[in-house]
Amino acid sequence: MIKTVDPTQVSQPELHSILLTAVAPRPICFASTVDKDGNVNLSPFSFFNVFSSNPPIMIFSPSRSGRDNSLKHTHENVLEVPEVVINIVNHNMAEQMSLSSTAYAKGVNEFQKAGFTEVPSEKVRPPRVAESPVSFECTVQEVIELAQTPGAGNLIIAKVELIHVDDAYFTDGILDTEKLDLVGRMGGNWYIRAIKDSLFEIPKPLRTHGIGVDALPKGIRESEVLTGNNLGRLGNVESLPITSEVEKMVKADGVENLSKRELHTLAQQLLEAGDTEKAMAYLLFGENI
């Protein structure tokens, strides 16, 4: 049974909870800014992502308070000084990052409150966070205020001018996802950690175009064993193998006497191990049983 929610018929806190719990995990923009007097502010925002690589553009949104409709200090600061450093958050700094989200009075330096180290930036006035694995010095191109109501977002469009990456997070010259150990925001008090056990790879769709799930035999498409993920992987092959190749592979593995369901179960295991070719052979052979 599906519950249907009309955004105009629920309270702002309830709508906020649904949106932030369902749309997750969200990357965290740990934004350092300064006001016109040079006072430093540091605050995290999970309405955030990268939207372009040429030009390099990131957007984050400090929303109006759902309680009193006030603006975040970060929002006020970028209107006075249109510059920001977007620091990336990993697990080693997650608790300190959370502490910095406290609604301290304007002028309080969250670097000090949360125990972070300020590092002078090279192209913008706000400092960057020394403990962050990656920091982006940005100029603010535009601020788009979506509404004047509690919970309304304010899109801060930031152009990346300079990037700082800690050498410890590279492997063979490439930024390493496993080493970064990033965290993402979930609903309520929950976060998620991008450790190896939670990471998985999906081969990108073929440039030559995969055959698609609709091109698989009906018995495979309607399998009681295979999942939608399994079918998606099968649909990414460039073509179906010919019958002679299927029979050769199946007989070489000694599985020609298995039932169709047993072949589907083995094929699923092969798909999860990354052997799509052999999995497809088992499944096609099963179609002739």
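Modeller: A pocket, as used here, is an open set of points on a 1 Å grid over the protein atoms alone, with protein on both sides within 12 Å along at least five of seven lines, and its lining residues have an atom within 4 Å of a point. Points are joined across faces, edges and corners, and a volume is the space filled by probe spheres set on them. The model is predicted, so that local features need pLDDT of at least 70 and side-chain atom pairs pLDDT 80 or more, whereas totals for chains, interfaces and linings use all residues. Residues are numbered from 1 along each chain as its sequence is written, and side-chain values use heavy atoms, with hydrogens and water left out.

The largest pocket has a volume of about 1300 Å³. Among the 43 residues in its lining, those closest to the centre are His-16, Pro-44, Arg-67, Lys-72 and Ser-101. At least two lining residues of the largest pocket come from each of helix 1 (12-22), strand 2, helix 2 and helix 3 (94-100), and helix 1 makes the largest contribution, with six residues. The class make-up of this lining is 14 nonpolar, 22 polar and seven charged residues, where Ala, Val, Leu, Ile, Met, Phe, Trp, Tyr, Cys and Pro count as nonpolar, Asp, Glu, Lys and Arg as charged, and the others, Gly among them, as polar.

The second largest pocket has a volume of about 600 Å³, and of the 25 residues that line the second largest pocket, Pro-27, Ile-88, Leu-180, Leu-182 and Val-183 lie closest to its centre. Two or more of its lining residues are given by each of strand 3 (48-53), strand 8 (134-145), strand 9 (154-165), helix 5 (177-180), strand 12 (183-185) and strand 13 (191-193). Strand 3 supplies the largest share of this lining, three residues. By class, the lining of the second largest pocket holds 19 nonpolar, four polar and two charged residues, to be set beside the 14 nonpolar, 22 polar and seven charged residues that line the largest pocket.

The structure holds one cavity of 30 Å³ or more, and about 50 Å³ of space lies in the largest cavity. The residues around the largest cavity are Asp-35, Asn-39, Val-40, Asn-41, His-73, Asn-77, Lys-106, Gly-107 and Val-108, with strand 2 (40-45) and helix 2 (73-80) as the elements that give two or more residues to that lining. In terms of class, two nonpolar, five polar and two charged residues line the largest cavity.

Notes. On a 1 Å grid over the protein atoms alone, a cavity is a set of points where a 1.4 Å probe fits but cannot get out, and a pocket is an open set with protein on both sides within 12 Å along at least five of seven lines; lining residues have an atom within 4 Å of a point. Helices (H or I, at least four residues) and strands (E, at least two) are DSSP runs, numbered from the N terminus.
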